[in-house]
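Hi there,

Here is the structure I promised to pass on to you. Have a look at it first, and then read my notes below.

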Amino acid sequence: MIFKKKLIPVKFEKRYKRFFADVINNGKKLVAHCPNSGSMLGLTKKGNKSWISQSDNEKRKLKYTLEIINDGSSNVGINTLIANRIVEEALSFKKIKEFEKIISFKREVVYEKNTRFDFELKTLKKKIFLEIKNVTLLRKKNIAEFPDSITERGLKHINKLQESMNKGYKAYVLFLIQREDCKYFKIAKDIDPSYFDAYQKSKKKGVKFLAYSCKVNNKIIEIKNKIKIIN
C-alpha cells in the first residue's frame with residue numbers, strides 16, 4: 001500500500017484517551033488520531049521517531065493520523081484500519097503463497113448476525129474465510145507477538161472460524177506483522193491466556209494460522225516475508 005500523500009515526520013509525545021496522540025512537529029504540538037485499539041505495548045516512548053498523515057477532509061475533527069512509530073528496532077505500522085488494504089493488495093498480486101490459487105475474494109463478509117470476517121476467498125474447489133490480525137508487539141529480539149492486550153474480539157473470531165468449518169468453509173487467520181525485524185511469531189499466552197487456549201484448540205480442529213511481516217517506511221507498507229509461528 002503506497003501512501004497517497006507524503007507522510008509528515010514527527011516525534012511521539014504521548015497517547016491518551018485510547019485514540020488520541022500528541023506528536024511534536026518542528027517544536028509545535030499536534031493532536032493526531034491514533035487508529036489502534038490495542039495497548040501498543042513497547043511503542044509509546046516519548047521522543048520516538050514517528051510519521052503522521054494529513055487529511056484534506058474539512059469535516060474531520062482531527063486532520064492528522066498517526067501511521068508509523070519507530071521503536072528503535074524497526075518502523076512499526078500502527079494503523080489497524082489499513083491492515084485489510086495491505087492484505088487486499090497482496091491477494092490481488094498473489095503475494096501470499098497459500099492463496100495463489102484463489103479466483104476471487106470479497107471484503108467484510110457477513111457470516112451471521114453480529115459476525116463478519118475480513119475476507120471470503122474462493123477457489124475452484126472451496127471457499128475460505130480469512131481473518132486479519134494486526135501485529136505490532138516485540139518483546140524479545142526477532143519474535144513478534146499477538147495480542148498486546150486482552151482481545152475479546154479476537155477470541156470471538158477464532159471460535160466463529162472454527163464453527164464455520166462445520167459449514168464447509170476452510171478457515172484462516174493471518175497475523176499481519178507491520179514491522180521488519182521479526183523472524184518468528186508467537187501468541188502472547190501471558191497477556192491473554194484465553195486467546196492462547198482458543199488458538200491451540202482451533203488449530204487442532206483445522207483452523208490454519210499464518211504470519212507475514214511487512215516492509216514499512218514513510219512511502220509504502222506491503223507484505224514482505226512469511227514468518228515461522230513457534231507455538
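How many bridges join β9 to β12, and do they run parallel or antiparallel? There are 8 bridges between β9 and β12, and these strands run parallel. Two strands count as paired if DSSP finds at least two bridges between them. Helices (H or I, at least four residues) and strands (E, at least two) are DSSP runs, numbered from the N terminus.

Before going on, please note that this is a predicted model, where local features need pLDDT of at least 70, side-chain atom pairs count only at pLDDT 80 or more, and totals for chains, interfaces and linings use all residues. Residues are numbered from 1 along each chain as its sequence is written, and side-chain values use heavy atoms, with hydrogens and water left out.

Now to β9's other partner. β8 and β9 pair in the antiparallel sense over 4 bridges, and a hairpin of 4 residues connects them. Ile-128 in β9 stands opposite Leu-121, while its bridge partner in β12 is Lys-170. Of the 9 residues in β9, 8 are buried (under 20% relative accessible area, with exposed over 50% and partly exposed in between; 1.4 Å probe, protein chains only).

Enjoy exploring!
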